[in-house]
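Biologist: Please put up the model, and we will go through the strands, the helices and the chains in turn.

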Amino acid sequence: MKTALTITNLSHQYANAAGTRAVLDHVDLSVQPGQMIGVFGDSGAGKTTLLLNCGTMLKPTEGDVEIQGLPVYDVTAGERAQIRAHKIGYLFQTLQLIPYLTLQENLRLPSGSSVGAADTWLDRVGLGDWAQHKPDALSHGQRQRGALARALVHQPELVIADEPTGNLDRKNGELVFRVLRDFADSGGAVLVASHDDSIEAYADRCFDLQDGSLTEKSRQP
Amino acid sequence: MIKTHTLVFREVVHRRKTSALFSALVAVIIATVTFFSVNRSGYEKEMTRSARDIGSNVVILPAQVDQLSYHTNGGYTSETMDESVLQQLVEYRASLNHLIPMLEIQTQVGFADKQRPARLVGISASVPMPGRPKSPMQRAIAKQQVQLGSELAEALGIQRDDKAAVTIEGQSLQVARVNRSNGTWQDAAVLMDLPLAQEIFNKPNQLSRIEAIECTSEECARTGLKADVVLSNELARITDQAVLLRRDQMADARFSIRSLNRTNSLVIQNSLWIMLTLAIVAMTSWNALQRRNEMGVLQAIGYGSAQLMFLLVGRSVLLTLAGAVVGGVGGALLSYWMSVGAFQVTGNRFAIDWSQPLTIVLVSVLLAALAACLPALFSATRLPADSIGKEC
């Protein structure tokens with residue numbers, strides 16, 4: 001089975017009028033199918049940048065990103081769109097549900113999703129009764145679970161989740177991690193950035209992102 | 001997967017206020033452009049007609065006319081030329097139009113117990129040149145009818161609305177109308193059908209003159225040639241039975257009105273098109289910029305450039321079409337309503353040329369589509385994080 005995600009020697013810098021700021025410094029990481037990886041780090045540490053790099057949404061300053069062995073920044077924009085459509089499910093920190101579509105319609109946006117699949121996933125995240133509501137009629141927690149369902153509905157190879165439990169209560173936070181764990185157990189690969197320590201109970205490996213470098217956290221016995 | 005056109009409609013309905021505002025702005029712009037465009041064509045017709053109504057600016061006289069005595073007699077000659085001159089001018093397609101053949105005779109007109117001297121003019125409907133169709137400058141006068149100049153009618157004691165019959169050379173002829181005064185010899189003239197005049201005065205196939213409007217002014221202005229020389233040379237090639245007089249001031253005034261009219265129209269038309277283009281492009285681009293984040297999210301979900309383009313172009317075309325149809329019809333009707341009253345000469349015959357609003361609507365929709373294409377292409381070639389904004 002091919003490695004779902006491989007990042008090699010990945011660096012990212014942001015440049016602005018004040019100068020250049022290195023966020024990621026020669027990072028290496030791989031995520032296998034069936035594996036759930038958690039990344040911790042302080043705000044501004046570069047977790048979102050790492051996830052955007054991995055999700056083919058932001059080209060790194062240096063290094064390679066491969067999805068199932070395919071170097072995603074060496075292909076055309078159209079091919080990259082196809083990779084995003086079929087192989088990646090992305091959960092944004094800011095959720096980014098389309099405001100003029102109902103929750104069910106938001107879940108029908110990804111390629112290959114259907115009404116049936118959308119309803120199934122909405123049930124799984126506890127939003128079956130809210131399928132015909134638009135995002136602005138939902139609480140933040142409901143939107144967060146809806147966005148998670150959208151990232152999973154088209155059965156991608158790799159799910160990337162940025163702070164999926166931010167602002168969620170404990171019960172809903174656990175539901176989200178449980179869903180991601182189940183997805184990994186069914187053969188998917190999951191990369192999660194989170195502040196929530198409870199991810200350690202679900203992730204196979206956890207890393208700290210500090211000063212641009214990833215350090216694997218030792219597991220508590 | 002949800003269909004892309006569903007996304008277009010959903011977005012339009014969701015943002016109904018901004019969508020309505022977009023369409024309303026398009027409607028106002030299109031209505032303005034259509035109003036001026038439709039109005040301009042009516043204005044051009046009015047000006048052209050007014051320039052034509054200045055009168056004939058070329059007179060073709062029999063070759064044997066002594067021009068000094070012609071002018072001394074107030075533009076009258078008893079000399080005649082064969083009617084075939086008219087046919088020759090038409091066959092040659094001379095640089096003239098609105099040819100009006102005339103036979104003029106000094107005679108007496110009687111009504112009741114009064115007899116008054118008058119210049120009788122046998123006149124035919126104006127003859128257009130083949131391939132240069134024009135509405136008639138002079139209409140035919142029915143047989144057995146005459147038109148009286150205002151001074152002559154007053155001298156005979158005939159009022160404008162009287163049903164009267166006058167006597168000319170022993171023939172009783174019905175007065176069809178009394179013409180308005182124009183301060184020339186025509187106020188003392190009586191007009192009748194040319195063949196009837198030729199018959200009454202025993203001048204078969206004879207003409208005293210042919211009046212016309214020249215078609216050489218533009219070419220002469222361009223080449224620097226003198227119009228009277230060009231026309232005289234042309235006439236000499238056509239016939240040796242006639243000579244030509246050009247009424248320079250009238251010809252120059254007509255040319256000046258027409259060129260000013262054309263230049264003015266061109267400036268207004270181009271300004272309107274520039275305004276239309278800028279407005280549509282600005283509004284469409286603004287909308288595309290507003291939706292940059294949404295485009296980034298859709299890209300992140302896997303939407304390709306064609307789908308993103310369809311979203312932006314579809315919305316832009318839909319809202320522009322709605323606004324343009326309303327604006328096009330509204331602008332045309334408003335223009336019609338105002339033009340009918342505003343144009344004194346041609347207003348009662350003013351009609352909307354619907355090809356103008358239709359062209360404006362189609363061009364607007366095309367502009368909207370093109371204006372949406374560029375931001376869509378730009379969005380599609382960027383990485384999603386550049387559109388959404390990075391979140392470190």
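This is a predicted model: local features need pLDDT of at least 70, side-chain atom pairs count only at pLDDT 80 or more; totals for chains, interfaces and linings use all residues.

Biologist: Which residue in the hairpin of E3(B) and E4(B) takes a positive phi?

Modeller: The hairpin has two residues between the strands. A positive phi near 55° is taken there by B:Ala112.

Biologist: E4(B) also pairs with strand E8 of chain B; is that pairing parallel or antiparallel?

Modeller: Strand E8 covers residues 189-193 of chain B, and five bridges join it to E4(B). One bridge sets B:Leu120 against B:Val190 in E8(B). The sense of the pairing between E4(B) and E8(B) is parallel.

Biologist: In chain A, what is the order of the open sheet of four strands?

Modeller: The pairing in this sheet is antiparallel. Its edge strands, each pairing on one side only, are E2 (19-31) and E5 (70-71) of chain A. The order in chain A is E2-E1-E4-E5.

Biologist: Over how many bridges do E1 and E4 of chain A pair, and which residue of E4(A) is the bridge partner of A:Ile7?

Modeller: Strand E1 spans residues 5-16 of chain A and strand E4 spans residues 62-67, and they pair in the antiparallel sense over five bridges. For A:Ile7, the bridge partner in E4(A) is A:Val65.

Biologist: Helix H1 of chain A lies across E1, E2 and E4 of chain A; at about what angle does it run to E1(A)?

Modeller: Helix H1 is made of residues 47-54 of chain A. Its direction relative to E1(A) is about 125°.

Biologist: How many of the residues of H1(A) are buried?

Modeller: Among the buried residues of H1(A) are A:Lys47, A:Thr48, A:Asn53 and A:Cys54. A:Leu50, A:Leu51 and A:Leu52 are buried in H1(A) as well. A:Thr56, which follows the helix, has a positive phi near 65°. The count of buried residues in H1(A) is eight of eight.

Biologist: Why is chain A described as being as compact as a globular protein of its length?

Modeller: Chain A has six helices and 10 strands. Its C-alpha trace spans about 45 × 45 × 45 Å along the principal axes, and 50% of its 221 residues count as buried. It is as compact as a globular protein of that length because the globule rule gives 17 Å for 221 residues, and its radius of gyration is close to that, at 17 Å.

Biologist: What is the radius of gyration of chain B?

Modeller: The C-alpha atoms of chain B fill a box of roughly 105 × 50 × 30 Å along the principal axes. A compact globule of 392 residues would have a radius of gyration near 21 Å. The value for chain B is 32 Å.

Biologist: What distance separates the centres of the two domains of chain B?

Modeller: The domain assignment gives domain 1 as 4-51 + 256-388 and domain 2 as 58-246 of chain B. Taken over C-alpha atoms, their centres are separated by 51 Å.

Biologist: Which helix gives the most to the side of chain B that touches chain A?

Modeller: In this interface, 23 residues of chain B are in contact with 30 residues of chain A. Helices H1 (4-14), H10 (292-301), H12 (355-381) and H13 (384-388) of chain B each supply at least two residues of that side. The most, five residues, comes from H10(B).

Conventions: Residues are numbered from 1 along each chain as its sequence is written. Chains are lettered from A and ligands numbered from 1 in the order in which they are written. Two strands pair if DSSP finds at least two bridges between them. Two residues are in contact if their C-beta atoms, placed from the backbone, lie within 7 Å. Axes are lines fitted to C-alpha atoms, for helices over the stretch in contact, and angles run from 0 to 180 degrees between N-to-C directions. Domain bounds come from an automatic or database domain assignment. The radius of gyration is taken over C-alpha atoms; the globule rule is 2.2 Å times the number of residues to the power 0.38. A residue is buried if 20 or more other C-beta atoms lie within 10 Å of its own, exposed if 12 or fewer, and partly exposed in between; C-beta atoms are placed from the backbone.
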